[in-house]
Amino acid sequence: MSSPPRPTLLLVGGGGGLVGRAVVEEFSGRYRILSVHRHHVPNEVGGKVEWFPADLGARVDWTSLVQGTRVILTLAWYRWESEDRFRVLRDGLLRLVDAARQADVPRMLHVSVPPAPVELEERLPYLRYKREVDQAIRDCGLSYRTLRPSMLYGHGDRLLGVLLRLIHRYGRLPMFGDGSYHVSPLAARDLAAALRLEAEGSGVGTVDAGGPVRYRYRDLTDLLFGALDRRPKYFPLRPKDSERLASLLSTLGSSLLYAYEVRWLVSDLLGLPPYEGLDRPLTQVDTYVRREAARILSGDAL
Ligand SMILES: NC(=O)c1ccc[n+]([C@@H]2O[C@H](COP(=O)([O-])OP(=O)(O)OC[C@H]3O[C@@H](n4cnc5c(N)ncnc54)[C@H](OP(=O)(O)O)[C@@H]3O)[C@@H](O)[C@H]2O)c1
């Protein structure tokens with residue numbers, strides 16, 4: 001007897017990013033995955049995923065892509081780009097939402113970002129255009145769920161893994177202000193598991209999602225030093241000087257850290273409550289940190 005056809009997931013932003021890689025792992029086998037994004041990625045080969053190469057800001061034939069889709073999941077966003085590029089990406093995502101509404105797609109999932117300081121929400125293209133996409137999804141009339149995770153981690157991330165490598169290389173980290181603000185890091189694989197449960201559920205609305213522990217930032221960085229058998233050492237920087245340093249780095253072409261990320265971090269808005277909808281405990285950050293530190297100490301390249 002043949003098994004019933006698998007439902008289709010339209011993965012908008014693809015399986016190459018931090019969340020996308022975990023999503024492909026979590027959904028493949030259960031879903032037929034159609035993935036729309038720009039660059040070839042190794043984890044989409046081997047029949048796991050059907051890739052539609054496209055820039056989402058360009059004219060994409062959403063009408064045919066959404067046809068027969070059970071779930072749409074939107075991940076794509078830039079961390080840093082010109083205002084024009086954000087606008088064009090927003091327009092592409094709004095065209096997708098429109099096509100989804102016309103096709104009456106059963107479930108719409110969206111990954112957004114948690115609340116930021118008001119001045120960033122008002123002036124930063126990264127946030128202003130993201131909020132317009134959030135609103136279009138909220139108002140589209142479909143069954144939707146938006147998850148707004150706190151900082152995410154996983155192998156190849158741009159946060160905990162990068163901090164570990166900086167400590168390994170230089171023996172110290174900059175400390176933005178007094179480090180007393182909070183973060184509750186969430187594993188990308190836990191977010192992917194949450195998205196799969198949300199794909200099969202019917203809950204509607206927006207949920208802010210943190211990991212299992214709300215750390216004082218300085219306690220988290222101390223933990224990173226400890227995992228590498230180092231005593232914590234910091235360059236103390238006032239918050240404004242931290243933003244200046246980040247601006248200087250990005251002016252020099254580095255993507256290590258952006259000024260808005262520092263501002264957001266020290267605003268103490270990132271210590272989100274733990275996501276409560278999983279069918280298993282959330283992954284503990286220290287388990288991941290110890291594993292990544294061991295990988296770095298053994299000389300394993302990223
Ligand atoms: N990482 C975090 O800590 C964090 C925290 C909270 C929320 N989020 C949100 O979670 C989502 C995923 O984050 P992530 O860290 O996984 O991002 P990521 O690693 O940068 O991946 C983003 C993906 O979007 C695709 N993409 C970007 N622009 C595109 C375009 N114009 N056309 C087609 N595809 C495009 C990229 O694929 P191609 O390059 O192949 O096109 C890439 O695979 C984002 O919406 C982000 O705002 C992330």
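## Helix α3

At 1.5 Å a residue, the 21 residues of helix α3 (residues 83-103) should span 30 Å, and its end C-alpha atoms are 30 Å apart, which agrees. The expected span of a helix is 1.5 Å times one less than its number of residues. Helices (H or I, at least four residues) and strands (E, at least two) are DSSP runs, numbered from the N terminus. This is a predicted model: local features need pLDDT of at least 70, side-chain atom pairs count only at pLDDT 80 or more, and totals for chains, interfaces and linings use all residues. Residues are numbered from 1 along each chain as its sequence is written.

Which residues of α3 are buried? They are F86, L89, R90, G92, L93, L96, V97, A99 and A100. Buried means that 20 or more other C-beta atoms lie within 10 Å of a residue's own; exposed means 12 or fewer, and partly exposed is in between, with C-beta atoms placed from the backbone. The buried residues of α3 pack against the strands β1 (8-12), β4 (71-74) and β5 (107-111). They also pack against the helices α2 (62-66) and α5 (125-138). Just after α3, D104 takes a positive phi of about 55°.

## Two domains

The domain assignment of the protein chain gives domain 1 (1-142) and domain 2 (153-185 + 211-302). Such bounds come from an automatic or database domain assignment. Taken over C-alpha atoms, the centres of domain 1 and domain 2 are 27 Å apart.

Where the domains meet, 10 residues of domain 1 are in contact with 13 residues of domain 2. Two residues are in contact if their C-beta atoms, placed from the backbone, lie within 7 Å. By class, the side of domain 1 that touches domain 2 has 10 nonpolar, no polar and no charged residues. Here Ala, Val, Leu, Ile, Met, Phe, Trp, Tyr, Cys and Pro count as nonpolar, Asp, Glu, Lys and Arg as charged, and the others, Gly among them, as polar.

## The largest core

The largest nonpolar core has 83 residues. Its members V12, V19, V23, I72, L73, L191 and L195 touch the most other members. Domain 1 (1-142) and domain 2 (153-185 + 211-302) both give residues to this core, so it lies between them. A nonpolar core is a set of buried Ala, Val, Leu, Ile, Met, Phe, Trp, Tyr and Cys residues joined through C-beta atoms within 7 Å.

Take V19 as an example. Leaving aside neighbours within four places in sequence, V19 is in contact with L75, V111, L152, A188, L191 and A192.

## Around the ligand

Of the 23 residues around the ligand, G13, G17, V19, R38 and H39 come nearest. A residue is near a molecule or strand if its C-beta atom, placed from the backbone, lies within 6 Å of it.

Which helix gives the most to this shell? Helix α1 (residues 18-27) does, with three residues. By class, the shell has 13 nonpolar, eight polar and two charged residues.

## The loop between α10 and α11

D268 is found between α10 and α11 (285-297). Its phi is near 65°, a positive value in a residue other than glycine. D268 is partly exposed, with 14 other C-beta atoms within 10 Å.

L269 lies in the loop between α10 and α11. With 18 C-beta neighbours inside 10 Å, L269 counts as partly exposed. L269 and P114 are 155 residues apart along the chain, yet their C-alpha atoms are separated by 8.0 Å. Beyond four places in sequence, L269 is in contact with P114, P115, A116, P117 and W264. Not counting residues up to four places away, Y275 touches L186, A194, A209, G210 and L282.

## Other loop residues

Y258 sits in the loop between α9 (239-251) and α10 (259-266). Y258 is partly exposed, with 19 other C-beta atoms within 10 Å. Leaving aside neighbours within four places in sequence, Y258 is in contact with W80, A246 and S250.

D229 lies in the loop between α8 (217-227) and β13 (234-237). D229 is exposed, with 8 other C-beta atoms within 10 Å. Phi of D229 is near 60°, a positive value in a residue other than glycine.
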